[in-house]
Every structure is written in C-alpha cells, then in structure tokens.
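Notes below, in the order I looked things up.

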Amino acid sequence: MKTIAWLAGIATVVAAAAYMVVSLNRWEWNRALFFGLILLIAEVGLCTGLILRKLGRIEAVDPETLQVLRDHRGEPADRFAWMKESSTQLNVFITFLVGGGVLLSGVAWLVDRLASKTTTPVGEERLAKDLEAIAYPRGGLVVDDMTVLAQDVPGADDAQIHKLLRRASRT
Amino acid sequence: MSVRPGRLALGAVGVVVGAVGMVALADATLTRHEPVAKGSKLEIVVEAHTRGGERNQSLREMVEALLLTCRLEVTSDVGGEVTALDDDRFRATIEPGLDRSNQRQLRGCLEDWTVDHLRVDSVRFRPL
C-alpha cells in the first residue's frame, strides 16, 4: 500500500511537471498555473512523507542497544570541584582575586592623582573668570570724599563733569 | 566527504538537462513579432464543447465571448460575425492577420481554460 502511495505521488509530480511545461509551451497560462499548483501540492506531500519516514526510522532504534548505552554513560565532569576544597588551602583563584584587587586599586589611585592634578586648577581658573562678571567695582560702591567735594564746585552741573566724576568714583 | 563518480556524473547530467530545458522553454515562450500586411486576414475554425454552462447561453455566444476575450491578447480584431459551420464548429476571421507569435498566443488563449464550462480546440488557422 505504501509503495502504491509513493508511486502515485511520484507519478503526480512527474505528470504535473510535464503538463505544466507543455502548457507553458502552448501559451496556456491558466492550465500552466493549475498544473503548477498540482505539482506544488504533490511536492509538499512527498516531502512530508519523506520527513515522516525519516522520523519513523529515528524512533525505531533498538531499545536494548539504547539501554546499554544509557547504562554505561560516563559520569558528568564536575567543573567546579575546586570550589569544594578547603578554604585553608590557597589556590589559583584566591591568588588571582587578591592580585587583581591590588592591581585595580593601584590603577584607581593613579587615576585619582592625575585627575586632582589636572582638573582642580583648570576648574578654579574657570570659576574665577565667571565670578568677574558679578564682582564689585574696584574701590567699592561708596563715593570717595574727593568726588563729593568736586560736585559742590560751581559749574559742576555740566553733564560732562558729572560723567567724569562718576567715572572717577569707580576707580 | 567523498562523492562517488557515478553520482557526480548523474548530477552533472541533471544540471545540463535542466539548463537546456529552461533555455528551450524560454525560447518557446518568447514573443517575436514580425510585420503583417495591412489587408491580410486570418481564418479561424474552432470546435467547441460545453458542459454545465448556463442554459440560456448558446454555444455560439460562448465562442464569441471567448474570441472577444482572446483578441485582447493580440493586436487584431474579430472581423464580422462568428458563424456556425455545424453544431460545434464555428468560424471567425481576424483582421489584420497575425504573425506566428501572435497566432500561437491566440491559439493558446482559445484552447486554455479562459471561459468557464467551455472547451475549445482549434481546427484551422489559415491566412486568407
């Protein structure tokens, strides 16, 4: 029965392919499309059958052989056995841990020293520049005695003299 | 991984046959138009069969519809009426005539499953 099914599938593929080519050659596009569809369906069917047959063969393994193999399976390797050792023994892991810590601390100290030597002076200069904008005028805000007396001089109502006096009061 | 020579040869033959087949199919379905004389005509005689069609549609009407559909694939028109030669044979003329490529195209359309419930076989394609 299986043989008949396989032969029917193969015959369908061959016939559909042949008719498709003949139809294309005769410019009969609808027929070509139909036979192409049949070809595709038959191909999918055959491929599915092949895959199922392959799967069936995989499942049909001799159970005795399989049992023998399972019984003699080797012990899985314990890759972290060294962690179970006594903590009193120094081993490579501890050495690496301590050595790595020392190295990292040294690098961090170097970075800190370098940063403190370079960033702090530059930051101070920038801050000093920024503070200049809000700094008090030199000599303070209080007008000195000379300026006050000069304003009482006759003729000091002149705008130019006032301007001159205000400038002088700032210095 | 070793490949047996027999299998290799078989594969090579398969590739060659496939390539030749594809080239031949491409060549067979390629359109090559030739100039056609202006006053030329082409006589078409077809044999038509219907099964399961609508009762009030005659076979002649179905053939006429098929001709009108298929003439859209070529550059010519159906000239005059579609005449019945007997119960299942019909005659029509196409103006101007068709080159070989267009004749194949028209014949393919007529014999294809273009109209439901209608099967047509070309009996004659003759230049007049």
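Predicted model: local features only at pLDDT ≥ 70, side-chain atom pairs only at ≥ 80, totals over all residues.

Before the strands, a reminder to myself: I call two strands paired if DSSP finds at least two bridges between them.

**Strand pairing.** I started with β1(B), residues 42–50. β1(B) runs antiparallel to β3(B), residues 89–95, and six bridges join them. I looked up one of the partners: E47(B) bridges to R89(B) in β3(B). Then I checked β4(B), residues 118–127, which pairs with β1(B) over nine bridges, again in the antiparallel sense. Here I noted that V46(B) has S122(B) of β4(B) as its bridge partner.

**Chain B overall.** I counted three helices and four strands in chain B. Going along the sequence, I read the order as α-β-α-β-β-α-β. Of the 128 residues in chain B, 19% come out as buried. I also looked at contacts in chain B between residues at least 6 apart in sequence, and 70% of these join residues at least 24 apart.

**Where chain B meets chain A.** How many residues does each chain bring to the contact? I got 10 residues from chain B and nine residues from chain A. On the chain B side, the elements giving two or more residues are α1(B), 5–28, and α3(B), 100–111. α3(B) gives the most to that side, with four residues. Sorted by class, the chain B side has three nonpolar, four polar and three charged residues.

Terms used. Residues numbered from 1 in each chain as written. Chains lettered and ligands numbered in written order. Contact = placed C-beta atoms within 7 Å. Nonpolar A, V, L, I, M, F, W, Y, C, P; charged D, E, K, R; others polar. Buried ≥ 20, exposed ≤ 12 C-beta atoms within 10 Å, placed from the backbone.
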